[in-house]
Amino acid sequence: MMKNYILVCSLMMLLFSCNESTEKEKRAILKTTDSSTLVNPEEERTTNPYQDGESQKALYKALKKKTPLTGIQLVPVLPEQIKSHKKIGEHRFEASNQIAQGMYGSFESPYNFWIEDGSGSRAIVRNFFDSFKLKNQGPEGTEYVYTEHDGYKTIAFLQPKIKRNTIKFIYNNRFRISIEGSDTADVLWSYIDFENLKKLDQYQ
């Protein structure tokens, strides 16, 4: 009788041990599966190419606190000429809210140059860098080209049908500089006078 009792107890302990082992294995598998599917928030932020980094967030916050320049203040920074093309007339420098524009060359095929202040409530700088991340394309027959020139991120808008191209970039993390003309984007870039743009360095 005692032998039977011991045998039954042994069998029950064996079954319990097997069940416990199985449960442990299941929990281990579930834990492994869960850990492989969970994403570390920090890792997700660094691997998401469309999300603003901490430095960008700080830049946009700082820009909002700056007092924007008026178009009148920006006009003296416009170049007197683009390559060999002089401004058209005495009144071809125009100013509006935070923007200054110059027209050069001829009315038939002019060159246009813009300086825009991206501080204050305007989201010029943010919109530029967001566009560079997303790399959207325009209507059929046009093309946006996202690349770098001399260390600056640039966005070129090409309109071959009407032979007009524009290239723009952000200067000093504040000002959007744009030039438009009939030349290729690379040639238009070569027309930008960075020595002249240093006049903006005082506005940090």
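Buried means under 20% relative accessible area, exposed means over 50%, and partly exposed lies in between. The model discussed here is predicted.

Q: Is Arg126 buried, exposed or partly exposed?
A: The relative accessible area of Arg126 is 35%. Buried requires under 20% and exposed requires over 50%. Arg126 is therefore partly exposed.

Q: Which residue meets Arg126 in a salt bridge, and how is that residue classed by accessibility?
A: The side chain of Arg126 meets that of Asp130, at 4.0 Å from N to O. The two are four residues apart in helix 5, so about one helical turn separates them. With a relative accessible area of 24%, Asp130 is partly exposed.

Q: How are helix 3 and helix 5 oriented to each other?
A: The axes of helix 3 (residues 54-65) and helix 5 (residues 124-134) come within 10 Å and cross at roughly 155 degrees. Angles over 145 degrees count as roughly antiparallel. Helix 3 is therefore roughly antiparallel to helix 5.

Q: Which residues of helix 5 make the contact with helix 3, and how many residues of the contact are charged?
A: Helix 3 contributes Gln56, Leu59, Tyr60 and Leu63. Helix 5 contributes Val125, Arg126, Phe129 and Lys133. The residues of this contact divide into five nonpolar and one polar, and the charged ones number two.

Q: How far apart along the helix are Glu54 and Lys57, and what are the accessibility classes of the two?
A: Glu54 and Lys57 form a salt bridge, with the closest N and O atoms 3.8 Å apart. They are three residues apart in helix 3, which means a separation of about one helical turn. Glu54, at 58% relative accessibility, is exposed, while Lys57, at 37%, is partly exposed.

Q: What is the distance between the closest N and O atoms in the salt bridge of Glu195 with Lys198?
A: Glu195 is exposed, with a relative accessible area of 56%. The closest N and O atoms are 2.9 Å apart.

Q: Which residue in the turn between strand 8 and strand 9 has a positive phi?
A: Strand 8 (residues 164-171) runs antiparallel to strand 9, joined by seven bridges. The two strands form a hairpin with three residues between them. The turn residue with a positive phi, about 55 degrees, is Asn172.

How values were computed. Residues are numbered from 1 along each chain as its sequence is written. This is a predicted model: local features need pLDDT of at least 70, side-chain atom pairs count only at pLDDT 80 or more; totals for chains, interfaces and linings use all residues. Side-chain values use heavy atoms; hydrogens and water are left out. Axes are lines fitted to C-alpha atoms, for helices over the stretch in contact, and angles run from 0 to 180 degrees between N-to-C directions. Angles under 35 degrees count as roughly parallel, over 145 as roughly antiparallel, 65 to 115 as roughly perpendicular and the rest as oblique. Contact means heavy atoms within 4.5 Å. Ala, Val, Leu, Ile, Met, Phe, Trp, Tyr, Cys and Pro count as nonpolar, Asp, Glu, Lys and Arg as charged, and the others, Gly among them, as polar. Two strands pair if DSSP finds at least two bridges between them. Buried means under 20% relative accessible area, exposed over 50%, partly exposed in between (1.4 Å probe, protein chains only).
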